[in-house]
Amino acid sequence: METYAYYADGRWLEPAGGEYFTSENPYTGKTWAQIPRCNDRDVEIAVQAAYRACHEGPWARMHPAERGTMVRRLGDAVALHADRLADIETRDNGKRRVDIHPGLSSWLIDSFYYYAGMADKLEGSVIPTGRDEILNYTRHEPYGVVAAITAWNSPLLIAIWKLAPALAAGNAVILKPSEFASASTLELMKAFEDADLPSGVINTITGFGAEVGEPLVTHDRVRKVSFTGSVKGGASVAGLAARSVKSVTMELGGKSPQLVFDDARLEDSVHGVCGGIFPPAGQSCIAGSRLLLQAGIYDAFVGKLIEVAQRARLGDPNDPATNIGPIANKIHFERVLGHIERARKSGATLACGGNAVNPGGAGGWFIEPTIFTNVAPDSALAREEIFGPVLAVMRFETEDEAVQIANDTDFGLAAGIWTEDHRRALNLANRLEAGTVYLNNYFDACTQSPVGGYKQSGYGRENGWEGMRDFVQTKSVWLSTARRIEAPF
Ligand code: NDP
């Protein structure tokens, strides 16, 4: 059994209350690690350390190019420790190992390299005021202490999307990973020790939302909150942050539609739709969990879809031959099964899957790829985020009807369109209410391109220049060269 400490002020610390909680391996269901159950006293240590780092320490006075060099070293550290990080994340949340390394790791490294290069390019501008005796210019300055609260489905990726731009902009960061998957973020802190950043610049405190997240979000010295999680959690955190008017970024859930038209290439679109939900067992914020099929292609598409979904091999997430790993934790596993049970009773047709399974007898939390057809657009199955391997299939006749069903949701994270008519694809891309729209593909992303939500899927953006802008505040400076200032009265 591994027992972790938490990381603050450049040190590994025991939780103030002396308590720990356990982490289970989703493939076996067995406990493998003890994680510090921090409380508000630990929050205080981390916040004061971060505050000192970005107001008094060398980080505050460092040349931006040197800060960029340090951020780049964090990328080097991820590269050096990619194997270990992948092992731990797979053990902790059941993500397929190949999806982390080599899958995600080059992306994680690139995030640091990309934002490292931006550290000394945060240029302000001189504003044309129209007055010769006045100079007005802008500066982009860090907020100071940033709280970065992350979800359990992809802890490393989500943490690094926040860390890289926040640090490059000159902030200090306190990470608060989910209680369900904290270990890989703590391992990341171990990897970062090689990069030798000033103490307090990066911290990770672990524990429960109510005991650690809330005191962090409400702390006076925290000036920016970047949150990834559910709409419920986000609304609660945004409310807490609003009490002291903190800047907030929200990356929340989704119920993303995939629209397939009669003229779409059948095989490609079936593969794209299947790949858009099932490989991470539906545990992706942008999972394409609503499938809208045009009437002419409906039957052929559903037949092929079932065939492909049933081919998927569930099993050990460490095995490269595995297609779909487990559900990341037991509570969520039971929640997904509850959704399936309610959907069965709702009148939708269960076309395939729907069962918990136990591949290899390992004892973990697996659910078959599940497809419901004839789903009513106003049913819970079509409207609630399940965050599991459950696809809700609906039928449409016209483009306008497809847009109406696609946009009839509280969410707005992503959408996919499958058609060979590129004029139609581009027109529909403008009409769909989503932060990301995929045309004849799904799941593509890169460090340079912004991601984020419309509607209740959140606000603010991660990645790209917009991801950097989320971690700076702009100051406007006015200088007068007038020989004298007129008396006001
Ligand atoms: P939750 O909202 O339950 O939790 C997210 C994080 O917030 C956790 O660290 C949690 O801590 C913490 N938290 C919860 N309540 C509070 C609170 N009141 N104050 C402070 N912190 C709090 O989400 P999940 O972890 O279940 O993540 C799954 C969700 O994340 C899905 O809806 C998914 O769509 C979304 N997501 C969005 C992404 C995006 O980029 N848009 C990317 C990935 C996931 P604890 O767990 O300890 O309670």
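A search of the whole predicted model for disulfides returned 0. A disulfide is a covalent bond between the sulfur atoms of two cysteines. For Cys 38, the closest cysteine sulfur belongs to Cys 54 and lies 20 Å away, which is too far for a bond. Since a disulfide is counted when the two sulfur atoms are within 2.5 Å, the pair formed by Cys 38 and Cys 54 does not qualify, because 20 Å separates the two sulfurs. Cys 446 likewise takes part in no disulfide, and its nearest cysteine sulfur, that of Cys 285, is found at 15 Å. The surroundings of these cysteines were also described by accessibility. Cys 38 is buried, with a relative accessible area of 0%, whereas Cys 446 is partly exposed, with a value of 32%.

Ala 77 stands 135 residues from Val 212 in sequence, and the C-alpha atoms of Val 212 and Ala 77 are 27 Å apart in space.

A further buried position is Gln 283, which has a relative accessible area of 7%. Gln 283 belongs to the loop between α10 (266-275) and β13 (290-294). Residues up to four places away in sequence not being counted, Gln 283 touches Trp 152, Asn 153, Pro 326, Ile 327, Ala 328, His 332 and Phe 387.

The packing of two helices was then examined. Two packed helices are described by the angle between their axes and the distance between the axes. For helix α4 (residues 82-93) and helix α7 (residues 183-192), the axes come within 8 Å and cross at roughly 165 degrees. Angles over 145 degrees count as roughly antiparallel, and α4 and α7 are therefore roughly antiparallel to each other. Their crossing is right-handed. On the α4 side, the contact is made by Arg 84, Leu 85, Ile 88, Glu 89 and Asp 92, while α7 contributes Ala 183, Ser 184, Glu 187 and Leu 188. Sorted by class, the contact of α4 with α7 comprises 4 nonpolar, 1 polar and 4 charged residues.

Backbone geometry was considered last. Most residues other than glycine have a negative phi, and most peptide bonds are trans. Against this background, the bond joining His 101 and Pro 102 is a cis peptide bond, with omega at about 15 degrees. Pro 102 lies in helix α5, which covers residues 97-118.

Positive phi values in residues other than glycine occur at Asp 196, where phi is near 60 degrees, and at Asn 374, where phi is near 50 degrees. Both positions fall in loops: Asp 196 is placed between α7 and β9 (202-204), and Asn 374 between β17 (370-373) and α13 (380-383). With a relative accessibility of 57%, Asp 196 counts as exposed. Asn 374, by contrast, is partly exposed, its relative accessible area being 47%.

Key: Residues are numbered from 1 along each chain as its sequence is written. This is a predicted model: local features need pLDDT of at least 70, side-chain atom pairs count only at pLDDT 80 or more; totals for chains, interfaces and linings use all residues. Side-chain values use heavy atoms; hydrogens and water are left out. Axes are lines fitted to C-alpha atoms, for helices over the stretch in contact, and angles run from 0 to 180 degrees between N-to-C directions. Helices (H or I, at least four residues) and strands (E, at least two) are DSSP runs, numbered from the N terminus. Angles under 35 degrees count as roughly parallel, over 145 as roughly antiparallel, 65 to 115 as roughly perpendicular and the rest as oblique. A crossing is left-handed if the near helix is turned anticlockwise from the far one by less than a right angle, and right-handed if clockwise. Contact means heavy atoms within 4.5 Å. Ala, Val, Leu, Ile, Met, Phe, Trp, Tyr, Cys and Pro count as nonpolar, Asp, Glu, Lys and Arg as charged, and the others, Gly among them, as polar. Buried means under 20% relative accessible area, exposed over 50%, partly exposed in between (1.4 Å probe, protein chains only).
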